[in-house]
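Subject: Structure handover

Hello,

Here is the structure for you to look over. My notes follow below it.

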Amino acid sequence: MSGGRYGGAAKLVGMNPRIFVLTMVTFAFGSGAFIFAGLLETLAADLGVTTAVAGQLQTVFVLTSAVLGPVAAWLFGRVDRKIMVIAGLSLGLALHIACALTPNFETLMVLRALAGLAGAMSGPAASVAAASLAPPERRGSALAMVSGGMTLAFVIGIPIGSVVGDLFGWRATFLTAATLSAIALIGVLFFLPRVPAPPKRAGGTLDLPAIWPLYLTTFLAFAANMTLNLYIAPIVRVGAGVTGAGVGAFQSMIGFGSIVGLWLGARAADRDLGRSWILTGFAIQASAMTIHFAATHQVAPAGWPSAALVALGIFVAATALFSITPVIQARLISMTEGAPVALALNGSVISVGQALGSAMGGLALATYGVPAIPAAALAMSLAALTTLAFVFPRPRAAPAQ
């Protein structure tokens, strides 16, 4: 018994460096996906569009990822996961450079749409590889570690992009994203082993009636979060009176909240907690949006109290979102045996949720102004909490002894 226990621990330790390489991948893509958010208002002014319109750069990015994710999984389902990650990173690197050189908003919109394909190719592949490189009992922790790349993106990558953009212009943010993709690509080429695709499931079908509540949870979590998250620059400006490079400090709070959220989510996934933790996560997210609503109405005195309130709202929202993600991913991989299409569909659901959220946030901003953004996010969080309370499966009762 003890030998098996310590053998599993040794295996996990041996796999950690390889999983860390996959964390670098999600760090690069997470940074690239949101690298321009802190400069959104500056980018919009320079290209002659409104902030709400500029926010749709993210909408086309995630919609492309949503549409092409399952297609890529079907076409390349039998391809080694390492090759898929390399292809996605290479495409992303080229497109980030092209975004930095774009002459107008229309071209940038097209390039961002194409960039969504990069995430569609490598995101699910990275998750499947992480699950393959970890013992089954630590799968939730491995997925949380890979998701931690998004945490690093918000703690380091995206704030660096905001600072660089404030110093050298918004185009420099995309060059920063290209640099991060190049670093991750080198790591994958030299340190990630080959990871064969999972065996094809018998019949080639997924049990959608059983797993659709997982997809619904993913959709609602990202829709509510993205309603506010993409528009963090105007939120911070109105709520805390901070602009420019200072926005990066607030963006880093997403990363710190993610650290707490991933730790909580990994524990919940390893303990196979489901419905109770999901509902708790959405309650926390609704609380975060309430804090933002109060902050944008200047309920706190100007200066550090208002800044602290905005930072708290950002921290709590990130904690909620990232605590839900590992629970859903671990359960989805367990129920589908890591089928690439299942993970790709989950990535598509994330993208559709982000697209709806960014569109709703832009609509709220254009129609009623900045304070309407957290109001819309709060409404979506409460609607999600109510819906999932009814449709998310309850835990099965233990058999009578």
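First, a term: buried means under 20% relative accessible area, exposed means over 50%, and partly exposed lies in between (1.4 Å probe, protein chains only). By that rule F174 is buried, because its relative accessible area is 0%.

Two notes on conventions. This is a predicted model, so local features need pLDDT of at least 70 and side-chain atom pairs count only at pLDDT 80 or more, while totals for chains, interfaces and linings use all residues. Residues are numbered from 1 along each chain as its sequence is written, and side-chain values use heavy atoms, with hydrogens and water left out.

Overall picture

The chain has 15 helices and zero strands. Both are DSSP runs, numbered from the N terminus: helices are H or I with at least four residues, strands are E with at least two. The chain has 401 residues, and 56% of them count as buried. It exposes about 16,100 Å². Carbon and sulfur atoms supply 70% of that area. Accessible areas come from the Shrake-Rupley method with a 1.4 Å probe; for residues, only the protein chains shown count as cover.

A contact means heavy atoms within 4.5 Å. Take the contacts between residues at least 6 apart in sequence: 87% of them join residues at least 24 apart.

Aromatic rings

A pair of aromatic rings is described by the distance of the centres and the angle of the planes. Rings of Phe, Tyr and Trp (its six-membered ring) pair if their centres lie within 6.5 Å; planes under 30 degrees apart count as stacked, over 60 as edge-to-face, and the rest as tilted. The whole structure holds two such pairs.

F36 and F174 are stacked, because their ring centres are 6.1 Å apart and their planes meet at 25°. This pair links distant parts of the chain. F36 sits in the loop between α1 (2–34) and α2 (40–47), F174 in helix α8 (residues 171–191), and 138 residues separate them. Both F36 and F174 are buried.

W170 and F174 are edge-to-face: the centres lie 6.2 Å apart, with the planes at 85°. W170 is buried too, at a relative accessible area of 4%.

Helix α9 (residues 208–229) has 22 residues. Its end C-alpha atoms are 30 Å apart, which agrees with the 32 Å it should span at 1.5 Å a residue. The expected span is 1.5 Å times one less than the number of residues. α9 is mostly covered, with 16 of its 22 residues buried.

What does T217 touch, not counting residues up to four places away in sequence? The list is I278, F282, I324, I328, L388 and F392. T217 lies in α9 and is buried, with a relative accessible area of 0%.

Helix α13 (residues 304–336) has 33 residues. From first C-alpha to last it reaches 48 Å, close to the 48 Å expected. Just after α13, E337 takes a positive phi of about 60°.

Q298 is in the loop between α12 (275–296) and α13. Its phi is near 55°, a positive value in a residue other than glycine. Q298 counts as partly exposed, at 46% relative accessibility.

One more residue

P70 is in helix α4 (residues 56–75). P70 is partly exposed, at 21% relative accessibility.

Best wishes
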